Amino acid sequence: MELSITGAGATVLATFGQRDGHARDGHPARGLVHATNATSAALEDLQLTVGEGPCLDAFESGGPVLVADLTAELSRWPVFAAEAVKLGVAAVFSFPLQIGVVRLGSLDLYRASPGRLTPVEVTDALILTDLAGERILQEIDGHAIADLSWLANPHIEVHQATGMVQAQLGVTTEHALMRLRGYAFTHDLTMAEVARKVVRKVLRFEPESEPK
């Protein structure tokens, strides 16, 4: 099995506020399971920060998202595409991690140069996705699908910070996450860095004003 890619990352996604399979606001929560290199990890964090990208689209649609030239997708993902190109990413291929009807997350592959995956490579990627899904399902065993607390990942602080900002502002989870994203983007920080400040009570958000 060979794939002409530069890096890969597997991410588990769940839904904030999920109860009995139903989400209150439908916004996916995320936890990075594995990344082959620093760029792959940064690519996953970027999608979390800006709230758009092939990972989220693959999870929502249940089908592969194959982008041979990221510069051609600026209108589709205006912020993600521009920032991913700065990271040295030219092509992205996302495959939903799914076991039966249970969708777990996505496997994201990237390439430093533009170009399509061949039909054989797509088939190999689908096989790899199935294997990754089975492995993740083994790891999740004993945990609720919406519970990402078992993941040793800084993204867990994002979920904690979102709840704190939601309480501070008296808003929905989705709005709280938007405020966190906005702060991260305007201050050139990652979501993990902003979340850490909130969780440690160094940063607090106030209604109708800049966070203190």
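User: What relative accessible area does Leu128 have, and how do I read that number?

Analyst: Start with the scale: buried means under 20% relative accessible area, exposed means over 50%, and partly exposed is in between (1.4 Å probe, protein chains only). Leu128 has 32%, so this residue is partly exposed. Before we go on, note that this is a predicted model, where local features need pLDDT of at least 70 and side-chain atom pairs count only at pLDDT 80 or more, while totals for chains, interfaces and linings use all residues. Residues are numbered from 1 along each chain as its sequence is written, and side-chain values use heavy atoms, with hydrogens and water left out.

User: Which helix holds Leu128, and how are helices counted?

Analyst: Helices (H or I, at least four residues) and strands (E, at least two) are DSSP runs, numbered from the N terminus. Leu128 sits in helix α4, which covers residues 119-140. The whole protein has seven helices and five strands, and along the sequence they come in the order β-β-α-α-β-α-β-β-α-α-α-α.

User: Now the inside. What percentage of the residues is buried?

Analyst: Of the 212 residues in the protein, 46% are buried. The general idea is that nonpolar side chains tend to be buried together in soluble globular proteins. A nonpolar core is a set of buried Ala, Val, Leu, Ile, Met, Phe, Trp, Tyr and Cys residues joined through side-chain atoms within 4.5 Å. In this structure the largest such core has 16 residues, and Val165, Leu180, Met191, Val198 and Phe205 touch the most other members. The elements giving this core two or more residues are α5 (155-169), α6 (173-186) and α7 (191-199). Helix α6 gives the largest share, five residues. Another core lies apart from it, with 15 residues, among them Ala8, Phe95, Ala125 and Ala132.

User: Which residues does Met191 touch?

Analyst: Contact means heavy atoms within 4.5 Å. Leaving out residues up to four places away in sequence, Met191 touches Asp45, Leu48, Thr49, Val158, Leu177, Leu180, Arg181 and Ala184. Across the protein, among contacts with a separation of 6 or more, 60% are between residues 24 or more positions apart.

User: How many aromatic pairs are there, and how do I describe one?

Analyst: You describe a pair of aromatic rings by the distance of the centres and the angle of the planes. Rings of Phe, Tyr and Trp (its six-membered ring) pair if their centres lie within 6.5 Å; planes under 30 degrees apart count as stacked, over 60 as edge-to-face and the rest as tilted. The whole structure has two such pairs. Trp77 and Phe80 have ring centres 5.9 Å apart and planes at 85°, so this pair is edge-to-face. Trp77 is buried at 2% relative accessible area, and Phe80 is buried at 0%. The other pair is Tyr183 with Phe205, also edge-to-face because the planes are at 70°, with the centres 5.8 Å apart. Tyr183 is in helix α6 and Phe205 in the segment after α7, so the pair ties together parts 22 residues apart in sequence.

User: What about charges: how many salt bridges does the structure hold?

Analyst: A salt bridge is a side-chain nitrogen of Lys or Arg within 4 Å of a carboxyl oxygen of Asp or Glu. There are four in the structure. In one of them, Lys86 meets Glu83 with the closest N and O atoms 3.3 Å apart. Both residues lie in helix α3 (residues 78-86), three residues apart, which is about one turn of the helix. Lys86 is exposed at 66% relative accessible area, whereas Glu83 is partly exposed at 25%. Another bridge links Glu206 and Arg204, with the closest N and O atoms 3.1 Å apart. Elsewhere, salt bridges with shared partners join Asp57, Glu73 and Arg76 into one network.
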